[in-house]
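I opened a new structure today and kept notes as I went. What follows is what I looked up.

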Amino acid sequence: MNNKISVIIPVYNTEDYIEKCLRSIMNQTYKNLEIVVVIDGATDDSLSICKKLQQEDNRIIIYEQENQGVSIARNKGLELATGDFIGFADSDDFLEPDMYEIMVNHLIKENADLCRIKAFIYNRDGGIEEISKERNTFIYDNKIDIMNVYLQNELKIAVWDKLFRKDKVKNLRFDPNLFNEDAGYVWEACLNSDKVVMDTKQLYHHIKRPNNSLTSAPFGIHSLTLYDYTIKNFNELLKLGYEKQAYMFYFNGLFHLLKVYKRDWDNNNLPNKFEGKILKYLDELDDITHNHCENIEKMDLIHAKDLIEIMKNRLSK
């Protein structure tokens, strides 16, 4: 247990959940941890709960700042972290007790840079989306395979189900101006990694609550930053000669952006001022599905074509 893990937890008004979260980390079977709690301008009792637990466990480090959002809070945690490995947790989630022991053992045994496990995902009604008894380990040790496993959505874009080797991510930061900034961080971590391990055991409990994540943020100007980020990475991948991965990245960015737009349209929660841009994005996605479809997973391709047809039909009326 010579390798220390730094677990970074941004906290904003989660007084009903933060103790369960912290205790699930305090009680990890892997003991060489530091628990970096960044209080992001919380106005409820979260801070006092964290201070109470700090009296029980001196591995807890508390930093207070004005409310600046989850990305700035995580970046502060990265500045404070002294561990050999970096993990993240959301303050209303909790962990299985052996999660970090399993992950760090993978990283050490395989001399890997990033480990991902699976999570129990709880719907907003409290039900679990999927329970799996599958237990397999997959290793990816070349750049193309690592990019592909990310782009095929096997690696997922969240940071809380991963453990990163600090040497590989020490210069990375979350971009607070980017819609879906977790995806940006994980993508950069993948590009910096030489070997990635995936364990299919479910070890993290992620609770979906109203208004607690970017997935529930309404479509707006901020959402459009995803398009600019997508085009930037598309062009960079093309320059590096990764044409297949470039078009997969392009497809994923457009598809995600348009799904968020459609979600808000379905919920009657959408301003009309983006219609011109949305038509442009639909045309670009349409072009990919017809001219670069060999790079896209079959089901994603079917869903994308359905989305294009629905959206173009609506916007033409």
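**Ground rules.** I am reading a predicted model, where local features need pLDDT of at least 70, side-chain atom pairs count only at pLDDT 80 or more, and totals for chains, interfaces and linings use all residues. I count residues from 1 along each chain as its sequence is written, and side-chain values use heavy atoms, with hydrogens and water left out.

**Cores.** I looked for nonpolar cores, meaning sets of buried Ala, Val, Leu, Ile, Met, Phe, Trp, Tyr and Cys residues joined through side-chain atoms within 4.5 Å. Buried is under 20% relative accessible area, exposed over 50%, partly exposed in between (1.4 Å probe, protein chains only). The largest core has 63 residues. F88, L155, F164, Y185 and I278 have the most contacts inside it. Helix α9 (residues 243-266) gives the largest share, 12 residues. Another core, of 40 residues, lies apart from it and includes I18, I35, L47 and M103.

I then checked F164. Contact means heavy atoms within 4.5 Å. Beyond its neighbours within four places in sequence, F164 touches residues including F85, F88, L114, Y185 and A189.

**Helices α7 and α8.** Helices are DSSP runs (H or I, at least four residues) and strands likewise (E, at least two), numbered from the N terminus. Axes are lines fitted to C-alpha atoms, for helices over the stretch in contact, with angles from 0 to 180 degrees between N-to-C directions. I find α7 (residues 181-192) and α8 (residues 225-239) packed at about 15°, axes 12 Å apart. That makes α7 roughly parallel to α8 (under 35 degrees; over 145 is roughly antiparallel, 65 to 115 roughly perpendicular, the rest oblique). From α7 come A183, G184, W187 and E188; from α8 come Y229, N233 and L237.

**Helices α9 and α11.** I moved on to α11 (residues 298-315). Its axis comes within 11 Å of that of α9, and the two cross at roughly 50°. That makes α9 oblique to α11. Among the contact residues are F251, F255 and W265 of α9 and L307, I310 and M311 of α11.

**Positive phi.** Which residue has a positive phi of about 50° although it is not a glycine? I found N111. N111 sits in the loop between α4 (99-110) and β6 (114-122). At 58% relative accessibility, N111 counts as exposed. K156, also not a glycine, has a positive phi near 65°. I place K156 in the loop between α5 (143-151) and β8 (162-165). K156 is partly exposed, at 34% relative accessible area.
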